[in-house]
Amino acid sequence: MPSPSPVQWIAAAGCIAAFGGAMVIAGHARQLALSTDARSSAADIFQPVMPAAAFSVPASPGITFQHAAAGAFLVSSGMRAAPAVVVDLCTQAAGRRLLPVRAGYHFADVARWAARNEAQPGAVSLRHVALAAPDVTDMPRLTVTGSIGADKLQVEWEGRGPVVRWLSDASGGRVSEGARGKGALLREGWLAWGGGAALRIQRRTNRACPEAGDLVMQVFRPDGIRADKAIVHAFPMEGQPVSAWMRPGEYRVSTAPSPRLEDQQLFQGLAERGLVRLGAGGIAELAPRDLAAWRAASGGARAVELPAWRQVPQDEHAQALLERLYRMADGAFVREQVRIFNSERRLLAWRVRPVSAHGDCQANVGNAAAPTTGAMPLAASRLFAELPQGWAPWTRIARWPQAAGAARAQVTLALPQPAAGGERLQLLLAGRVLSVDGASMRAHPAPACTGRACPSADAVQLLDLELTPGARSISIHATPIEMGALAAPADQKYRHLRVEGGRLAWHALLQDEGAQRRAASADVRLEDRNGTVLWSGGSPTPAAIDAGLAPLLGMRSDHPNSVAGMLARLPASGGMHNARLSIDLALQASSQAVLDCLGMRRGRWDGARCHGGEPVPHGRQAGMVVLDAETGDVLAAAGAGAGAVTAANWDEVRDFDRTNPARSALRLPAFQHDGGVHRSPGSTFKVVSALGLELAARRDPQIAALLAGLPLDAINQMAARKGYAFQTNAATYPFQTRQAHITNFRDQHLDRRAHDGRLGLAQALTYSLNTWFAWSGELADRSLFGRPEGGAPDLHPLEPGALDSIRPVMGMARQLGFGKAWRLDGGLLPPEYPWSQWDALQASAARVDPVHTRHELRQMAIGLRMQATPLQMALVSAAVGQGGLAAPRLLLALDGREAAVSKPEPLGVRLDRVRAGMKGVIDSGTAAAAFSAPQLAHIRAGLSGKTGTAPTIGDRSTVWFTGWLEPGTLPNQPRRLAISAFISHSEATGGGHAAPVVAAVLASMERARQ
């Protein structure tokens, strides 16, 4: 039997250390739960700013103001929030003055200002106008002004009704009331009117604009549902506002601070006597237990010197405190909190690759051995933009000695026998290496800290090591990371010790009333639409795992956002929930296999297995959805590239999911996106733009003629007559400009795509003509007032629908579901269900980035500066093919109740030209090559679609295909099917990469049904 290699022998005790660390953390969690001050009144969070105040929290939805001697309360109960409008105030700067930010106005006001600017250029600033919807007649008009660097902004309103109220952190705890008025804003203010509606205005920091920051405006309206809790804002006469979630009821704030717990009293006494303090190195220091004996001993009798504690007063009270600290239960709890605090102030952690090279290690700080653990602090997950893959678990120093100054440590990885020399080992170090013994570094340490919280890129280093001949161990000499820069306010929620004003402070943990209610933990059984079991006994079945369904169904029982985790939170009469999903397991399995093969690795799929393929580029993700266009049933939801999740890295995955959920390995590429550049749908969005143009054509004969098709000369004459720099024989729009412009793929001219000398919507879709869509989108957008320059593109909706009649492309996008977080429960979950953003039964809303300029309007028309999901783009195709939009659903039945079937909502626009263009994509356009094989003849005949290629970084793109298959195209296919797929970080196009993936899936479906 061959002996293990040195790398395989490294650190066998690492697993034991990790297990020990997990036990410590689990014990700590239990202790925290027990330490929660259950006696504290929920209202006492307001005691420091509103002592003795009384207030009530109504169960009915709305906004209420309540006065108190020390200020005022604003209670927001059962409110629905519109998407926030964010204004970068640095873009409003005119010298040191801020141009006015206007909100609550109608488009007629904008048109009047634009006309005024025609006569007197620059008379009215049209930057960042937040519009009320045309049918909203109660919202006050608001103007915010100020200057760069000023503490306060000025707010002025003009109400449309008799009662408007203003309360902010600059109003001295007083509520201003009146149809017209003025106020000031520091960080937060509320403008309320009518029957409980309100506009919240916040000013928050912006790293790119530190002097001015961002202005965030968000409308709240009553949701109509009885609320089980409300958010209460206390605005004191002096000091900062305090907010907390409260349940309906009557509350009274204590007059004096609540009596402190024993552990808090002990800590406070120690701090007052200097027996606990914050050391120079940021580490909490406790006086030694034998301090009194040390002080009483003569110099020669002292075993060690303790100069740092020489000046600390010592008397009977101090000795009693130390006795209590080291011998009583409350003292043990204080010491544990100090240990936890110190363990999270410095971080020196390491992991090795290959995975088999993790094991026995020893750490020393100074001359003393330091304990290690495999449990990482939550803040450490902020060191990375993506979850590191392919590494052994982390090990870190668990406890640092109470020593001033910067710490240095030595980590030794033992080898069981002398190294032969040349063996390679990679080590990922959270910290900074000083030197290495027993190995040489093949290159300078590579910076590996990629997260937003990184103090510097080399806060994490990648060491590429080569073992030295004869070495029996590898020793890494390094310094730790100071963790203060990585911490977030939420990290302190369950921590007693904090740093305030350069000193240690103890905080009692007030238990939220909602946390007192034990979360439901029912057993769950999930089946696919045909009755095949997918999840049972707390885990997914092997078949479900192989089909890529584990992140959706649940990796394990403690995966709260998964389908099983969501259902487990529901009360169950028999302790069990039985649910049926819309997924077809066989179709899911084949879709996942094809996506892994062709999408991720560019291999060749023969219908049963993958051949060939390339290494997966770093960062690539892929997703696919197949759905029933008539019912909205999701038949398959494949995804790849989010990251491997195993039992070994579950804790790390869970922490990363908490701190960076958008980039978590638990996200579902088929339904969810991270809001980044790699999810732009590219030219597949031209289907939405085309439908938006059809919407505009209903009121504009000129647009209607353009869509129907005009001779090339007529198109060019129209553009010239209106003053637009658009020509069909140009590859760019505007042509002959050095400014921002739109370019056709491979610099093609539109002339060669004309049909019988005419060019219209169908040809523009078939051949994906960027310049045509960019120019047509400008013509249809009312914010530009039909002018080639100027206009007011910088408009934003305060509430959904505010731009629908002005910007038809955006109006159609919203009608198709953009901006909506689709809930896939089929109406089976109760109305009061506590949804969270990343629940598996809730898709990420497809979003279009705010438009500020004409060029950004053009980019929007061709599918850039936005984020979408395969689910949303499949719904777009389904709506075109079906003639209406059906709400998607994943949950078909729950405990014997069947899900609701939505009736497709008609789009209300002409569809024949869009359908013709999408059929042309398959027959002769950008996807023709992918479906040209003879064996795809039947599929090609019934398929319509659209490709998309969205450039991202360098020569890489995110590529897409979306389309639908007519009923009867496949055997036993009674209804229309829609399909959509994307692949990020692709070197190809949508027609060359995404369309072949869809072709292979459809071919597999055809074979399976024969």
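Reader: Where is Arg 602?

Author: Arg 602 is in the loop between α12 (585-601) and β42 (604-605). Helices (H or I, at least four residues) and strands (E, at least two) are DSSP runs, numbered from the N terminus. The model is a predicted one: local features need pLDDT of at least 70, side-chain atom pairs count only at pLDDT 80 or more, and totals for chains, interfaces and linings use all residues. Residues are numbered from 1 along each chain as its sequence is written, and side-chain values use heavy atoms, with hydrogens and water left out.

Reader: What is the phi of Arg 602?

Author: Phi of Arg 602 is near 55°, which is positive in a residue other than glycine.

Reader: What about the phi of Asp 747?

Author: Asp 747 is not a glycine either, and has a positive phi of about 55°. Asp 747 belongs to the loop between β48 and β49 (758-759).

Reader: OK, stepping back. How many helices and strands are in the chain?

Author: The chain has 24 helices and 59 strands. Its radius of gyration is 32 Å, close to the 30 Å that the globule rule gives for 1010 residues, so the chain is as compact as a globular protein of that length. The radius is taken over C-alpha atoms, and the rule is 2.2 Å times the number of residues to the power 0.38.

Reader: What box do the C-alpha atoms fill?

Author: Roughly 110 × 85 × 65 Å, along the principal axes.

Reader: What share of the residues is buried?

Author: Buried residues are 53% of the 1010 in the chain. Among contacts with a separation of 6 or more, 70% are between residues 24 or more positions apart. Contact means heavy atoms within 4.5 Å.

Reader: How many charged side chains, positive and negative?

Author: There are 105 positive and 86 negative side chains, and the centres of the two sets lie 2 Å apart. Lys and Arg count as positive and Asp and Glu as negative, while His and the chain ends are not counted. The place of a charge is NZ of Lys, CZ of Arg, CG of Asp or CD of Glu.

Reader: On to strands. Which strand does β57 pair with?

Author: β57 pairs with β58 (residues 957-965), antiparallel, over 9 bridges. Two strands pair if DSSP finds at least two bridges between them. One of the bridges takes Lys 946 to Thr 962 in β58.

Reader: Is β57 covered or uncovered?

Author: Mostly covered: β57 (residues 943-951) has 7 of its 9 residues buried.

Reader: What order do the strands take in the open sheet of 6?

Author: The order is β40-β39-β38-β41-β54-β55, with mixed pairing. At the edges are β40 (539-540) and β55 (897-898), each of which pairs on one side only. Inside the sheet, 3 bridges join β41 (residues 576-581) to β54 (residues 891-894), and the two run antiparallel. Arg 580 has Ala 893 of β54 as its bridge partner.

Reader: New topic, prolines. Which kind of peptide bond runs from Arg 353 to Pro 354?

Author: A cis one, with omega near 10°. Pro 354 is in the loop between β23 (349-353) and β24 (361-365). Tyr 733 and Pro 734 are also joined by a cis peptide bond, with omega about -10°. Pro 734 is in the loop between β47 (732-733) and β48 (742-743).

Reader: Last one. Is Gly 863 buried or exposed?

Author: Gly 863 is buried, with a relative accessible area of 0%. Leaving aside neighbours within four places in sequence, Gly 863 is in contact with Ser 680, Pro 681, Gly 682 and Phe 685.

Conventions
Buried < 20%, exposed > 50% of the residue type's maximum accessible area, 1.4 Å probe, protein only.
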